[in-house]
Amino acid sequence: MSDVVEKTLTALPSLLSLDSQPGAAKLSSTSKLGNLIRGITELTSKHEEEKLIQRELTSIKEQVSSPNTSMRQMKELMVRATYCEMLGYEASFSYIHAIKLAQQGTALEKRVGYLAVSLFLNEDHELLLLLVNTVLKDLQSTNLIEVCMALTVVSQMFPKDMIPAILPLVEEKLNHPKEIIRRKAVLALYKFYQIAPNQVQHIHNKFRKALCDKDPGVMTASLHIYLQMIKENPEGYKDLTASVVTILKQVVGGKLPMDFNYHSVPAPWLQIQLLRILSLLGKNDHSTSEIMYEVLDESLRRAEMNHNITYAILYECVKCIYTIHPKSELLEKAAKCIGNFVLSQKINLKYLGLKALTYVVQQDPRLALQHQMTIIECLDHPDLIIKRETLELLFRITNAQNVTVIVEKMLEFLRISKDDYTTTDLVGKVAELAEKYAPDNEWFIETMNTVFSVGGDVMQPDIPNSFLKLLSEGFDSVEEDRKLRQFAVDSYVSLLQGGPGKLPQRFLQVISWVLGEYSHLSEELDPATVLSLLSKLLDSKNTSSETKSWVLVAMTKLCEGRAGVSVAREVSETYSSSLDTALRQRAQELQHLSQDSELRARVLPRDASREPLEVDSSLSFLDGFVSEALAAGAAPYKPPHQRQEELAQEKALSLEPYGLSLPISMSSCSIGDRQSPTLLSVSSGLSGDSIELSHKGGSATLKLDGVKRVWGREGYLSKRESVEETAQVEVPSPLRSPSQQGEADKSHNQTPTPTPTPEPEQEKQQLASSLFVGLGSQSSVCLMGKSDLTNQRFRRKARCPGTSSGSSEITSNSIVSPPSMVDSLLYNNLLDSNITSELDLASPQSPPQLSQDLSTANGTCDVDLTDRDVTANNPSIIRDNGVVAAEDPDKPTDLCLSSHLPAELSGLSRSEITALCSHQSLHLSACHVQGDDSLALVVFILNSSDSDVQQMLLQLDSDQLEVSSVSESPVQEVRGDSVVVCQYSLTVKRPSVLVEVCGVMSFMCSVGTPQSVQFSYKLPLASFIRPLTVSTEEYGTMWLAFSHDTKQNLTLMREDRESLTATLNVLKNKLQLHVVEIIGMEGIVACRLLPDQPCLMHCRINAGTLAVWLRSPIPDLPDCLIYHCQRALQEH
Amino acid sequence: MFRIRFILIQNRAGKTRLAKWYMQFDDDEKQKLIEEVHAVVTVRDAKHTNFVEFRNFKIIYRRYAGLYFCICVDVTDNNLAYLEGIHNFVEVYTVVDEMFLAGEIRETSQTKVLKQLLMLQSLE
């Protein structure tokens, strides 16, 4: 922004200087430019304006080419030429004269010359090369004004290749005594950085000097460079954080000269720039964010709500606070700020509030809930831009429960919107939502129908493509697939019967493909009906030839029976003489295949699109044909580029069109390719839609660096707490089951709404309840997950088995089925054998002297030991130190340490106690204890010497787990010959087959220096699994809501009638699952991952194996669980 | 790469009063953009926001009497900052107005100009 201001300000002195120079032409009433402008403003029609300017240009042209024109007159002519050019009339004849003027004129004339050049030419213009010498000369000038002008033009445009020629001179200017020169030099370097970043790499530290410049203007200029560089590589500039914070502090504190104030706000645009930099630096970086909390707080405080510019600062501040590592106090203040924006009467602020809300809503859905009534109002706002932003916000809070309402609102908007860009964008979003959250087939197909009809030919081509892919690949159950396809067929048939005239081409293509592929699914549908509908399409004038190809392919698939053959003959006769080669090709195919049903069945088998297509890209099957042809004297094949080269060399008659058409027809005549319409669309997207292409081409330049998707689908992931808080917020919803509705009603009554609400108000509230359902209340509705809930109904099948097999492969090597060694006192037959602990006596990252210590201590560094190894090693360690002289080599530690187990944990099932590591006389062991709703990790620290160990600090950390200490105060010392117990509570953050806790213990022995040891403890995910008691109905609703799934066949326990029950019982006992119901050959099972992440399991006996299907809202949970099920059954 | 794509000052009839392009367009494109901007901006009500989405950018505009000042920027940019940028620009314009009026030099004493401006500022 400050660019504009800056430019205006720099332009100002030169404007003023107009008047200080005697004899300089002023914009007076008598000047020619004045006359021209006045003349134009007085005109009424565009046509008259054109005529006047053409006259003007002709006279200018005459004068510039006359040798008698003086430089001064030339300057005047250039001014008028630029004005005409600005109004959109070409004055290219004057370009060269502008350059000349810049070269030869006196200071003022030079200035006008430079100005004209910068307005006339663009970066790639070849005449710009002529300017390089002038710039070079002016940069070396002793006249400040000339240097200034040269730098200005350089920072506006400069040929990239010539940068090295002037770079040293510009660099030199960074040390110029005048700040205006320094500032312009920095801006010129910014320009260089933008167009050729490599060329200025060596002067990065000079930028730092500019950042520390005593002049605020120079410092501000350098921020442009830094913003750019930090955007590209935030890691490289973390050390700047403190400086940026200091600068912002000074600016906010009013330390800048008063000149920088704008409406008594100190340097607002500078503040915004600094806030932007801070948010880039603090993103996903806790420690860096830490540095800026204070200044952000101060910025929020200082920016009083009184003027637009302070709102601009506040908005930037809020965005920054929500981008960097969260801090609750600041978030609270920012949320309040957003609230003020949203509730403001000023429409601009309301809009900004909505924008901010959209930005933060995924991290904090509570905020959207708070403002639901305002959002509803905005949905009906007369200003479309507000409506549009509201839809964007709703898009972000869509879930399976409110999807129908939100999509309806979006479609409503689409029907009135006339802007292509908005339509394209919104249609894509509707399609995304429909695919993700569709509640049923009918809704999905109908919504997609609207998408195709409204989106028409402006939508992204990947929407129809992915829709067709979805239909053809199918998803979870064969029956569902069939129903969906059948419904699509029925819906399309009725659409075609209703008159296809208005349907967009893309939609017609989708329809043709689906009808061709699946109309056989609809039993009451006569293929002849479909054929006649399709042939009507062919006859329609509105059908493009690309669409006709699709229709013909569909007909090829359908032309069965006598009626079919006759239709096919008729159609193929019509089109086999078409001028369009692709159409002719299709017609030929139709003709041949309709006559040879055997060949057709082989070429276009039904439901073949489900099979992955094997493409022999080398076309080796043609080798025989080729060699025969070569033997018969045919010329060898030459690739098109080679052919064209040869043609060019021969300079023969240009046969280019023929040369090109060959490969195209080659590719499109691959009859065997069942999916050719889809492929065709790729090629025809290039050739056929030329209108659309040119349309796109027109905008392509505007799109330069594309529109970034600023608001990603996933918000700030590390911020889970607030989402948990929102779980308490209840929303009334008509969509819930009666019992939940009761709860909801209760909470609804608690919200302070005035009881007698007027009618429209009630309507709004109803709308609100259907829009905001499921927002933040998910975990109270059921046990669904925390933040990443994607209840995807139409989930594509994974082509490859995915991670489950991968991870099990890796882990199965290291896990040797452990002998269950459970303390007899705590024996619990439910939970014995599935607890496997792995021990990791490793210290790879520890400092060298430490690892030495460790290795001398027990000599088993870096060794990953399985349970078996541990039990073999434990006794030796302990016996060496003479603590335990137990006879039983298997359970020495257990017996001695289990008595130290905290009282509240005794009686619960637990794993055996395993040694973690030892250091001289200090021994660490651990076990995990499974409570009903928790999993506790107990670490035993045994000091076997007589001297105390002091300043002990035990820290646990894990990528996959949330570790929190249960003990009130951290243990700091262990007396001689005693045991200290630390208890931790664990919950899973990221499921994995085995989860690991790493720890470091530092301590001080009574004699000697500080020491530390590292250890790790692994436990199976199964220890976090608990039964989940749900009814069959609840199971059903949850099943549909969960998106992450996995399927696998497991071995059955027995081969008899009770095999399902027996197998499920084994799983139930070993993994603590809850068997919801068993009906015949099917069983449903539910469990949860602590504390409340549900996972559902559906089992069916199928051909002697147990087909298991797991679903959960948590990404990796099904995969991990299936692994444990497999193991449990193997071990049994 | 550039924050501002172009600045346009148009009158209500859509005639360009000032155009400054910070991106490369050819003449036809410029003309098309000018017309589109005019179509988008002039239909808007005074009660509407000062922002419009435009292709894949947004336009921030402000109306002063019969003139529309439009700035085209990235969708992610800070709307209000630009809105105030326009205002700042216009304020600078008034400085020019204080000095030159109707094509004539009006006031040459810098202190007098400053005084006038201060007075104007206090009126706001």
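User: Which conventions apply to the model and its numbering?

Analyst: This is a predicted model in which local features need pLDDT of at least 70 and side-chain atom pairs count only at pLDDT 80 or more, while totals for chains, interfaces and linings use all residues. Residues are numbered from 1 along each chain as its sequence is written, chains are lettered from A and ligands numbered from 1 in the order in which they are written, and side-chain values use heavy atoms, with hydrogens and water left out.

User: Why are helix 9 and helix 10 of chain A called roughly antiparallel?

Analyst: Helices (H or I, at least four residues) and strands (E, at least two) are DSSP runs, numbered from the N terminus. Axes are lines fitted to C-alpha atoms, for helices over the stretch in contact, and angles run from 0 to 180 degrees between N-to-C directions. The axes of helix 9 (residues 163-172) of chain A and helix 10 (residues 179-195) of chain A cross at roughly 150 degrees and come within 11 Å. Angles under 35 degrees count as roughly parallel, over 145 as roughly antiparallel, 65 to 115 as roughly perpendicular and the rest as oblique. Helix 9 of chain A and helix 10 of chain A are therefore roughly antiparallel to each other.

User: What makes up the contact of helix 9 of chain A with helix 10 of chain A, by class?

Analyst: Contact means heavy atoms within 4.5 Å. Helix 9 of chain A contributes A:Ile163, A:Ile166, A:Leu167 and A:Val170, and helix 10 of chain A contributes A:Ala185, A:Ala188, A:Leu189, A:Phe192 and A:Ile195. Ala, Val, Leu, Ile, Met, Phe, Trp, Tyr, Cys and Pro count as nonpolar, Asp, Glu, Lys and Arg as charged, and the others, Gly among them, as polar. By class, this contact has nine nonpolar, no polar and no charged residues.

User: Why is the pair of A:Phe158 and A:Phe192 called tilted?

Analyst: Rings of Phe, Tyr and Trp (its six-membered ring) pair if their centres lie within 6.5 Å; planes under 30 degrees apart count as stacked, over 60 as edge-to-face and the rest as tilted. By this rule there are 18 aromatic pairs over all chains. The ring centres of A:Phe158 and A:Phe192 are 6.3 Å apart and their planes stand at 50 degrees, so the pair is tilted. A:Phe158 lies in the loop between helix 8 (144-156) and helix 9 of chain A and A:Phe192 in helix 10 of chain A, so the pair ties together parts that are 34 residues apart in sequence.

User: Why are helix 25 and helix 27 of chain A called roughly parallel?

Analyst: Helix 25 (residues 462-473) of chain A and helix 27 (residues 505-518) of chain A pack at an angle of about 15 degrees, with their axes 11 Å apart. Helix 25 of chain A and helix 27 of chain A are therefore roughly parallel to each other. Their contact divides into eight nonpolar, one polar and one charged residue.

User: What makes helix 4 of chain A oblique to helix 5 of chain A?

Analyst: The axes of helix 4 (residues 71-86) of chain A and helix 5 (residues 95-104) of chain A come within 10 Å and cross at roughly 135 degrees. That angle makes helix 4 of chain A oblique to helix 5 of chain A. By class, their contact has six nonpolar, two polar and two charged residues.

User: How do you know that strand 9 and strand 12 of chain A are joined?

Analyst: Two strands pair if DSSP finds at least two bridges between them. Seven bridges join strand 9 (residues 949-957) of chain A to strand 12 (residues 994-1005) of chain A, and these strands run antiparallel. A:Leu953 has A:Ser1002 in strand 12 of chain A as its bridge partner. Strand 12 of chain A also pairs with strand 13 (residues 1010-1020) of chain A in the antiparallel sense, over eleven bridges. There, A:Glu996 has A:Lys1018 as its bridge partner.

User: Why do strand 2 and strand 3 of chain B stand at the edges of the sheet?

Analyst: Five strands of chain B form an open sheet in the order 2-1-5-4-3, with antiparallel pairing. Strand 2 (16-21) and strand 3 (51-54) of chain B each have a single partner strand, so one side of each is left without a neighbour in the sheet. Five bridges join strand 1 of chain B to strand 2 of chain B, and B:Leu8 stands opposite B:Ala19 in strand 2 of chain B.
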